[in-house]
Amino acid sequence: VVESDGDIANVLSGDASDFNGGSTGGWGSWGSNKESAEVVSGAGQDGSAALVLKNKGDGNAWEAQCAYTFDDALQEGKKYIIQFYAKSTSPAGELQFQYQNGTTYSSQGGYNTFSVGTDWVKCEFTFTPAYDDANRIILNYGKVGGTYYIDNIKFGLAKDQNAAARGIQYIQASNGKA
């Protein structure tokens with residue numbers, strides 16, 4: 001399913017995007033620094049459900065990961081956009097985006113870091129996979145100890161394939177209004 005959504009041909013829908021049905025929607029979480037990952041009603045950016053990720057404390061970013069694996073590989077040389085809302089219990093929270101091959105853990109790239117404090121922020125990153133077998137997108141949350149709230153994830157091909165790659169973070173008031 002591809003939904004038209006601003007600059008993104010969004011391929012995530014339902015719980016894979018907004019978690020409002022109460023499940024992780026195919027997002028899996030693991031790592032030696034992962035404490036828990038669950039969907040929590042009322043924890044979302046708009047008062048609905050959100051994915052809540054807890055790590056055990058400061059460590060390497062990749063020691064706590066949350067990922068979504070696609071059946072088909074991303075298209076090498078095409079621009080993709082990931083966009084989501086996030087906040088943390090730590091004012092110094094960090095989330096890192098990356099992509100990889102979900103079987104071999106190779107063909108990695110992305111590595112954009114977002115500063116995520118105690119207020120909701122809109123995070124967005126545009127990237128172009130350099131490999132033809134990358135089929136997983138990852139949010140690493142192991143760098144800074146705390147609880148991370150993730151909501152309203154959009155991901156897909158950029159509608160404008162000529163736009164330059166970018167990493168954008170929008171500060172948003174905690175009441176959910178820009």
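Helices (H or I, at least four residues) and strands (E, at least two) are DSSP runs, numbered from the N terminus.

**Before starting.** I noted that this is a predicted model, where local features need pLDDT of at least 70, side-chain atom pairs count only at pLDDT 80 or more, and totals for chains, interfaces and linings use all residues. Residues are numbered from 1 along each chain as its sequence is written, and side-chain values use heavy atoms, with hydrogens and water left out.

**Entry 1: Gly44.** I found Gly44 in the loop between strand 4 (34-40) and strand 5 (50-55). Is Gly44 buried or exposed? Its relative accessible area is 8%, so I call Gly44 buried (under 20% relative accessible area; exposed is over 50%, partly exposed in between, with a 1.4 Å probe and protein chains only). Next I looked up its contacts (heavy atoms within 4.5 Å). Leaving aside neighbours within four places in sequence, Gly44 touches Ala49, Ala50, Trp120 and Asp151. Asp151 lies 107 residues away along the chain, yet the two C-alpha atoms are separated by 5.9 Å.

**Entry 2: cysteines.** A disulfide is a covalent bond between the sulfur atoms of two cysteines. I searched for pairs of cysteine sulfur atoms within 2.5 Å, and the count came to zero disulfides. Cys66 is buried at 2% relative accessibility, and Cys123 is buried at 0%.

**Entry 3: strand 10.** How many of the seven residues of strand 10 (residues 121-127) are buried? I read six, so the strand is largely enclosed by the rest of the structure. I then checked pairing (at least two DSSP bridges between two strands). Strand 7 (residues 80-88) runs antiparallel to strand 10, and seven bridges join them. Across this pair, Ile82 stands opposite Phe125 in strand 10.
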